[in-house]
Amino acid sequence: RLGTSGSTSSLKPLPSAISLAMETAEPDMGPTVLEAAPWRPAVQLKPESRRAPSHYHVSVTAHVRPAADRCPGLLRPHRAEDGLVIRLRIPGGQTTSRTLLALTTLAGTLQLTSRGNVQLRGIEEADLPAATDRIRGLGLLPSPSHELVRNIVASPLTGVTPERPDVRPLVAQLDAAICAEPELEGLPGRFLFAVDDGSADVWSLAFDVGYRALDAERGLLAFGGGSDRRRAEMTGRVISSSAAPAEMVRVAADFVRAREGSERAWRIWELTDFRTGQARFPGIGGNPDGDVAPSLGAVAGAASVGVPLGFLTADQAAAVDEAASGGPVVVTPWRSLIIPNAAATTEALRHAGLITDSGSPWTKITACVGAPACAKSLIETRKLAVQIADRGVLPTRPLHISGCERRCGAPIVDHDELVGNR
C-alpha cells in the first residue's frame, strides 16, 4: 500500500517516480514483485475506487510503540530473524576509516543508522563474545553503563568547512559529560542530543536538547524541537559554548527525574510541563525546511558519499579506508560518509558502489530491513528499493518502504511511503 505522510483526510496523486514504481500495468513492478517471498502473505496493492488505477489509498498509522524502550546496544543485543543486532554509538558520527573497515571483518552486516551511528546485524550467538572483545578493543564502549544514551548528532561538515565554528571539541566534551553523570544511565535510548555548527543541518532533526552555534563563543540551547512539526514549540536561550555541555547534561538529568512517574515518556516534548519557564523563540534563519543532507561528490575538499540503504560492504569500507588513508571519517544522520581531504577519490568510491551524485534515486529512498531479516515484515523491502532505484528516476519526495505498520526507520519529514500489509 502506497501512502503519503501527513493528514489522513485527503487523497493526493502520487509523484511520478513513485507512480512509475507502483503502476499495476508495469509487469515488473506490480504485485508480483511483492510476492517474491512466498513464505509470507503477498501484499495487495488496492487502487482507491474514486481515483485512476495508478493512485492508491492514502493511509497513515501512528508508530507502534512497544511497552519498553528496546534500543539495542553491544551489551544489550536485539534478537531479529536474521540473528543478533548490536548498535554502536558514534557521537557526532566522528570515527575513522580503519574502524569501519575493522567492523566489516566481524560477523554480521554493517549498517549506518539515521542517527549517525552504526550497527551490526545477523550475528550468531556463538560469534558475539569475539565481536564484543574486538569492539571493546576499538574503543567503541568507553562507558558500559552509558552505552545506550550516548546519542549525539552533529553537523557532519564541521571542521571541514572553515566558515563555520568547529564543534567537534564540544561533541567530545558533551560525550564525556554524559558518561560522567550517573543519573543519565536512566535516560531513554531514544533521547537525542544535537550539536549544530550553525549550518542548520542537524537542527532540522527531532532532537531533545540541541546547541546551535551563533559564532565560536556562543549559541542557542534549545529544548524539545527541531522537526517541522515541533519548531513552534521549541524553547531555549543563548548560552556560551563553554557552558553548553554541562547545561545539556543538566537538562537531560532533569528529564530523567521528571519522567519518573511516566516512564513511557521517551522524548522531552512528551512531558508537556517540562521546562515551561524557558522562552520560546521563532525561526532563526538557516535552512531547516530544505534538503539539509550534505551534497554528494566533492564538497569542501572532502569526498561525500551515500551508502545505499546504509549497508556498507567490506569492499566499500576498503575503498573508504584507501581514500581516507586510515584517517577520520564522519558517519552522517543521512546514511552517508564524509571523508576529509579526499575529493579526488570520488570516482574510485563510485566504482565501489557508493553514491557520489546528489541526483541519484538513492538519495530519496529509505527502507526498514524488511523480510527475511525481520519476522514482522511482509515484504522484501530492500529488494523493492533496488528495483525502484534501478529505474533511475529521482522521486520528488522522500520515499520510505516499510515491511509492516510499525514503519521502522521512517523519516520525520513529510514523505511518501510504501507499507506492507496483508
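Is C404 buried or exposed? Select it in this predicted model. At 14% relative accessibility, C404 is buried, because the cut-off is under 20%.

C404 is in no disulfide. Its nearest cysteine sulfur belongs to C408, 6.0 Å away. A disulfide would need the two sulfurs within 2.5 Å. Now select C368. This cysteine is buried too, with a relative accessible area of 14%. For C368 the nearest cysteine sulfur is again that of C408, at 6.4 Å, and C368 is in no disulfide. The structure as a whole holds zero disulfides.

Next, select five strands in the order 2-3-6-5-15. They form an open sheet with antiparallel pairing. Colour strand 2 (78-80) and strand 15 (311-312).

To find one of the paired positions, pick L88: its bridge partner in strand 6 is V118.

**Two helices**

Finish with helix 5 (residues 168-180) and helix 6 (residues 244-258). Their axes come within 9 Å and cross at roughly 40°. The two helices are therefore oblique to each other. The crossing is right-handed.

Which residues make the contact? On helix 5, show L170, Q173, L174, A177 and I178. On helix 6, show A244, P245, M248 and V249.

Definitions and conventions: Residues numbered from 1 in each chain as written. Predicted model: local features only at pLDDT ≥ 70, side-chain atom pairs only at ≥ 80, totals over all residues. Heavy atoms only, no water. Buried < 20%, exposed > 50% of the residue type's maximum accessible area, 1.4 Å probe, protein only. Pairing = 2+ DSSP bridges. Helix = DSSP H or I, 4+ residues; strand = E, 2+ residues; numbered from the N terminus. Axes fitted to C-alpha atoms, helices over the stretch in contact; angles between N-to-C directions. Parallel < 35°, antiparallel > 145°, perpendicular 65-115°, else oblique. Left-handed = near helix turned anticlockwise from the far one by under 90°. Contact = heavy atoms within 4.5 Å.
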